[in-house]
Amino acid sequence: MRARQLRAWILARGAETLDEMTDLPKTLRQRLGEAFVPLASRVVRHQHASDDTHKLVVELVDGKLVECVLIQDEGRRTACISTQVGCGMGCVFCASGLNGVERNLSVGEMVEQLVRLRNLAGPSGRSRSRLADEVDRLTHIVVMGMGEPLANLDHLLEALAIATSKQGLGIGARHVTISTVGLPAKIRRLADLRKQFHLAVSLHAPNDELRTRIVPTNDKTGLTDILAAADYFFERTGRQVTYEYVLLAGLNDEAHHACELTALLRGKRAHVNLIPFNDVEGLPYRRPSAESLQTFVFVLQRGGISVKVRKRKGSQIDAACGQLRRSVLPDPG
Ligand code: SAH
């Protein structure tokens, strides 16, 4: 019973300290406090943008830092979480992989990011108690923070089991998106679990030569295997796959790339999510012009491909796609 109460306080009711758990006997809280803390990580930086995006820099028990983001939009409260400290994939345009990968996150470290973000959810400036029945639930999870989720799949699945259970955070599995650089064997494994999770594959180029330049791990995998694994995911789960495509000016954003992409995806139940490059300090890439973006969209649409341009949230606080990095120093203030 006590375990159930504790779980409810942390996962459902937003308590961050034992003192807040007022229906546990004081002596028990004291004893628990000698050995445990409800949340083991520490928020070392909290930034809040005017579009109501929050970014947290979280310090883990071993001193490593990860970032996570809460994106709020039209009644949606989406948590974007990290799965690794750093990233080993080395995509040339992404901040998260600049210094390689240090380690996988534990199940608890992922759940804590969700809990912390959920505890911040709601309109800014609203004066309310963080506790009890008033906490707003998260509506969506995107596993698009730092790290390659499928490289830490076992822990991720356990964390998502807690996130999607009624006794946990109660988020529908259909509202969880896992974004991957494209690891075919892991995509197949995920497909065989037949969960309702949504899969997003970071494509970024319509042919192997260009993709290997932008996404170095493509050298070992190749587009054919990735697309076959994604098709298999669709067959097994019935869930349409999203292909992410970051647009880098002059590199992969021209009309002929869009034509080639259309041909590659023709006949698939696929959706393309275009992400105009978000600036990363020290990297030489640029956003596409409005005209090339428009042309790219037009070519895909004309080819019968479903396409959207990802809304840009949180860029003011470097919280947009690809801007999460390992080497952030906590704000001295
Ligand atoms: N490792 C996962 C999650 C990455 S973040 C993956 O590779 O899918 C989610 C998306 O943002 C990915 O498609 C990633 O390639 C993209 N992204 C990374 N850096 C970016 C940047 N600077 N601008 C725009 N999108 C970026």
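Let me start with the lining of the second largest pocket, where the largest share, four residues, comes from the helix α3. Please keep in mind, as we go on, that what we are looking at is a predicted model. The helices α1, which spans 2-12, and α3, which spans 107-120, each supply at least two residues of that lining. The pocket itself has a volume of about 230 Å³, and among the 13 residues that line it, the closest to its centre are I10, L11, G108, V111 and I162. If we sort the lining by class, we find seven nonpolar residues, four polar ones and two charged ones.

Now, where does this pocket sit in the chain as a whole? The protein chain is divided into domain 1, covering 1-38, and domain 2, covering 39-328, and because both domains give residues to the lining, the second largest pocket lies between them. The centres of the two domains, taken over C-alpha atoms, are separated by 33 Å, while 12 residues of domain 1 are in contact with 16 residues of domain 2.

As general background, nonpolar side chains in soluble globular proteins tend to be buried together.

Definitions and conventions:
Residues numbered from 1 in each chain as written. Predicted model: local features only at pLDDT ≥ 70, side-chain atom pairs only at ≥ 80, totals over all residues. Heavy atoms only, no water. 1 Å grid on protein atoms, 1.4 Å probe; cavity = no way out; pocket = protein on both sides within 12 Å on 5 of 7 lines; lining within 4 Å. Points joined across faces, edges and corners; volume = space filled by probe spheres on them. Nonpolar A, V, L, I, M, F, W, Y, C, P; charged D, E, K, R; others polar. Domains from an automatic or database assignment. Contact = heavy atoms within 4.5 Å.
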